[in-house]
Amino acid sequence: MQKRFLITPGPTPVPPEVLSALAEPVVHHRAPRFTEILKQVVAGMKYIYQTENDIMAWAASGTGAMEAAVINVVNPGDHVLVASVGNFGERWKKLTATWGAEVTALDYEWGTKADPADIEKALAADPQITAVFVQHSETSTGVVNDIKAIGEIVARTDAILVVDAISGLGASDLKTDEWKVDVCVAGSQKALMVPPGLAYAAVSDKAWKVIERNTQPRFYFDMVAMRKKMTGDSAQTPYTPAVNLMVAQNAAIELIKDEGLENVFERHRVLGKAAREGVKALGLELFAVEDPEANSVTAVKVPEGVDGTKIGKIARDKYGVWLAGGQGQVKGKIFRFGHCGYFGHSDIVVGLSTMEMVLAELGFDVAWGASVGAAEQVFMNSPVML
Ligand SMILES: Cc1ncc(COP(=O)(O)O)c(C=O)c1O
């Protein structure tokens, strides 16, 4: 027997209340009971998104919602702007190009944030840009972009702002309406505390005007069809939804509401800070610019002389702990702790202590317990339950 821990930014651990909801008998998706569940999920997602906008939900991974966003707002030949700060920014580039857009890319050094002033300049340079695509939390680097500032800039133009909040929603503050985000996509398997399989989007009135005019061929991910079916008293989805995941999402929303969104964010802030302080106390370097709102992921540079490709394998095989490796251009150069969703102080302790043991085995001179000790000092001063 080996006890296993997911210290990854998705999939993330699932609370027992959500696991038991998953095991409930299957409800028929055309039954009134399912309509009730769907309405509760929509209301709960509006609370988490901090929005009055329409909520779309599909049986899909997060990339499904990204693709849905693209095919509903982009016509072939449209000019779009992508601000890319990592691997998932690259995905926006690939998706928009796949669906025929003329893509202008603002490429940032991985580990840094998108600069809103660059977005302002790019929009001014090409008034034909119809949509701006960016990440909220860029999971591959641990960076959280300044969506509030970007939202203000894009809102002054006719373009719409499309944000990937797949790992950020429910971990770092994101005020969809106040920050003027037009399409905001999310996935169930991160801070929303449900297994993979549900993809969401919150869609503004400004975006609906674009979507209704859009001629891109689309069927399963057609937002107009989804909105028609999902809104109103007899809400359903056009096609068979992931019924049990919806029941589970409802249970997870109850947990988030009980804790309170502000407390959820604060817990994540404390966990992020503890992870960062722990890493630094061991003499390691953080990969991303330090940011008190970087609540979903902590990325760490692999120290000199350590074979970064072995970290994940030893952590998993010997200690039962899943840490995330680097993706794309930083494969083997960084490793990452996830702490979005059902995470508490004990998960950070497990992650940091595993890091110490694994790095020691790979030849790094470890000051035993230093990272855990630094995290403990952060936990002791936490204003919220962990
Ligand atoms: C920021 C971000 N965008 C997109 C994705 C892709 O989501 P999925 O793997 O669920 O398709 C992820 C998943 O890790 C992510 O973290």
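Of the chain's 386 residues, 60% count as buried, meaning under 20% relative accessible area, while exposed means over 50% and partly exposed lies in between (1.4 Å probe, protein chains only). Keep in mind that this is a predicted model: local features need pLDDT of at least 70, side-chain atom pairs count only at pLDDT 80 or more, and totals for chains, interfaces and linings use all residues. Residues are numbered from 1 along each chain as its sequence is written, and side-chain values use heavy atoms, with hydrogens and water left out.

**Overall build**

The chain has 13 helices and 14 strands; these are DSSP runs numbered from the N terminus, with helices being H or I of at least four residues and strands E of at least two. A compact globule of 386 residues would have a radius of gyration near 21 Å, and the chain agrees at 21 Å (taken over C-alpha atoms; the globule rule is 2.2 Å times the number of residues to the power 0.38). The C-alpha trace spans about 60 × 55 × 35 Å along its principal axes. Look at contacts (heavy atoms within 4.5 Å) with a separation of 6 or more, and 73% of them are between residues 24 or more positions apart.

**Salt bridges**

There are 21 salt bridges in the structure, each one a side-chain nitrogen of Lys or Arg within 4 Å of a carboxyl oxygen of Asp or Glu. Here are some of them:

| Pair | N to O distance |
|---|---|
| Glu90 and Lys93 | 3.1 Å |
| Asp118 and Lys121 | 4.0 Å |
| Glu120 and Arg156 | 2.9 Å |

Glu90 and Lys93 both sit in helix H4 (residues 87-98), three residues apart, or about one turn of the helix. Glu90 is partly exposed at 23% relative accessible area, whereas Lys93 counts as buried at 17%.

Asp118 and Lys121 are likewise three residues apart, about one turn, in helix H5 (residues 116-125). Asp118 is partly exposed at 23%, and Lys121 counts as exposed at 57%.

Glu120 is partly exposed at 38% relative accessible area, while Arg156 counts as exposed at 57%.

Salt bridges can also join up: Lys273, Glu277, Lys280 and Glu290 are linked in a network of them.
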